[in-house]
Amino acid sequence: MEPRALRVRRAGSRSRGRLGPCAAPRSGSRGSSSRSRRARPPRQTTRGAGQTIAIIDTGVASGVAELDAAVTGGADFSGSGSSDGRTPVGESSEHGTLVASLAAGRGTGAASGVIGAAPEADLLAISISFGSDSDDQIAEAVVWAVDNGATVINMSLTRNTLDWPTSWDDAFLYAADHDVVIVVAAGNRGSGTERVGAPATIPGVLTVAGVTRAGVASIDASSQGITIGVAAPSESLVGVTPSGGYVSWQGTSGATPIVAGIVALVRAAHLELDAANVIQRVLATARNQGPEGPDVSYGYGIVDASAA
C-alpha cells in the first residue's frame with residue numbers, strides 16, 4: 001500500500017511530519033570575502049570534469065558567481081519556479097543554492113569564494129517544493145535528471161518516514177538502471193529527525209551522516225540509522241546564498257553535497273566503475289570512526305576523498 005502523503009522537509013526544518021531539506025538554521029555574518037572557502041577533499045587526480053551532479057532541491061539561483069558557469073541545465077517541478085530551475089522556491093528558498101555551492105562551487109578566483117568538492121563538475125538545477133505534494137515531484141525530478149545526463153543526484157532532504165511512495169520505487173530503480181549514483185542526507189536530530197527516513201532508507205542510495213570539525217558524530221546536525229554509508233562535515237560549513245553572500249550553516253544538507261562532489265571525483269577518476277562500485281569504493285576507503293566496522297553514527301567511517 002502506498003503510504004499517506006507526508007511533507008518532505010530539508011534537514012534542519014523545525015517542524016515534524018514534513019518533507020524538507022536537511023539543514024539547520026544558518027548562523028554567522030553575510031557578505032563577501034576574499035578568502036577561499038573550500039570543501040576539503042584533495043583533488044590531485046581530478047576536479048570532477050565530465051561529471052554532472054543534479055541538485056534536487058529548491059532551485060539554484062542565477063547570478064551567483066560561483067555557480068553560473070557550473071549550471072548547464074535545469075527544470076522546475078514545483079509549479080512556482082522558472083522552467084530552468086534557477087528561481088529559488090519555497091520558505092527556505094536559499095537551500096538549493098547553498099547545497100550546490102558545496103557540491104561544485106567554482107570560486108570567484110583561484111583562491112577566493114566558495115570552492116566545492118568537485119569544482120569542475122557540471123550542475124543541473126532542479127526545483128521542487130517541500131510540502132505535502134512533494135512525492136511525485138521528486139519522482140519526476142529523478143527521472144528528468146537521469147534523462148538529462150546526471151551521473152550523480154544529490155538529495156539533501158528527508159521524508160521522515162521509513163517507507164516511501166511507490167512512485168519513488170520506479171524513479172530510483174530507473175536511476176540505478178541508468179548507472180546514476182544517488183546521494184542522500186541522513187537528517188538532523190536538531191530538526192526532529194531522530195533516525196534516518198526515506199530516501200535514506202531506499203536500497204542502493206549512499207546515505208550521508210554528519211560530523212563536527214573534530215570528526216565526532218554531530219549531536220544536532222546529524223541522525224542515526226543502519227543505512228548510513230559514510231559521514232562528512234556537517235557543522236561550521238560556509239555556503240553561497242542566492243544574493244551571492246556567504247553564510248555559516250550546518251546540517252546533513254551540507255554534508256551530502258560534499259560527498260556527492262567526492263562521488264563525482266571518483267567517477268571522473270575511475271571511468272571503468274559503475275555506480276554500485278563507485279559507492280563501494282567510497283565505503284571501502286572511508287576512515288573508520290567509532291566501533292570497528294559499520295555503525296549507526298558513521299556508517300563505514302568518515303569519507304576520504306584522497307583514498308577513494
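## A tour of the helices

The protein chain holds 5 helices and 14 strands. The model is predicted. Among contacts with a separation of 6 or more, 72% join residues 24 or more positions apart.

**Stop 1: α2 and α3**

Select residues 134–147, which form helix α2, and residues 166–177, which form helix α3. Two packed helices are described by the angle between their axes and the distance between the axes. Here the axes come within 9 Å and cross at roughly 15°. Angles under 35 degrees count as roughly parallel, so α2 is roughly parallel to α3. The crossing of α2 past α3 is left-handed.

Next, show side chains at this contact. Which residues of α2 meet α3? From α2, pick Asp135, Asp136, Ile138, Ala139, Val142, Val143, Val146 and Asp147. Their partners in α3 are Ser167, Trp168, Ala171, Phe172, Tyr174 and Ala175. Coloured by class, the contact of α2 with α3 shows 10 nonpolar, 1 polar and 3 charged residues.

**Stop 2: α4**

Move to residues 252–269, helix α4. How far apart are its end C-alpha atoms? They are 25 Å apart, which agrees with the 26 Å that 18 residues should span at 1.5 Å a residue. Switch to a surface view and α4 is mostly covered, with 17 of its 18 residues buried.

**Stop 3: α1 against α4**

On the α1 side, select His95, Val99, Leu102 and Ala103. On the α4 side, select Ser253, Gly254, Pro257, Ile258 and Gly261. By class, the contact of α1 with α4 has 5 nonpolar and 4 polar residues, and no charged ones. For reading such a pattern, an α-helix has 3.6 residues a turn, so residues three or four places apart point the same way.

**Stop 4: His270**

Finish in the loop between α4 and α5 (275–284), where His270 is found. Is His270 buried or exposed? Its relative accessibility is 18%, and buried means under 20%, so His270 counts as buried. Leaving aside neighbours within four places in sequence, select Arg281 and Ala308 to see what His270 is in contact with.

Conventions: Residues are numbered from 1 along each chain as its sequence is written. This is a predicted model: local features need pLDDT of at least 70, side-chain atom pairs count only at pLDDT 80 or more; totals for chains, interfaces and linings use all residues. Side-chain values use heavy atoms; hydrogens and water are left out. Axes are lines fitted to C-alpha atoms, for helices over the stretch in contact, and angles run from 0 to 180 degrees between N-to-C directions. Helices (H or I, at least four residues) and strands (E, at least two) are DSSP runs, numbered from the N terminus. Angles under 35 degrees count as roughly parallel, over 145 as roughly antiparallel, 65 to 115 as roughly perpendicular and the rest as oblique. A crossing is left-handed if the near helix is turned anticlockwise from the far one by less than a right angle, and right-handed if clockwise. Contact means heavy atoms within 4.5 Å. Ala, Val, Leu, Ile, Met, Phe, Trp, Tyr, Cys and Pro count as nonpolar, Asp, Glu, Lys and Arg as charged, and the others, Gly among them, as polar. The expected span of a helix is 1.5 Å times one less than its number of residues. Buried means under 20% relative accessible area, exposed over 50%, partly exposed in between (1.4 Å probe, protein chains only).
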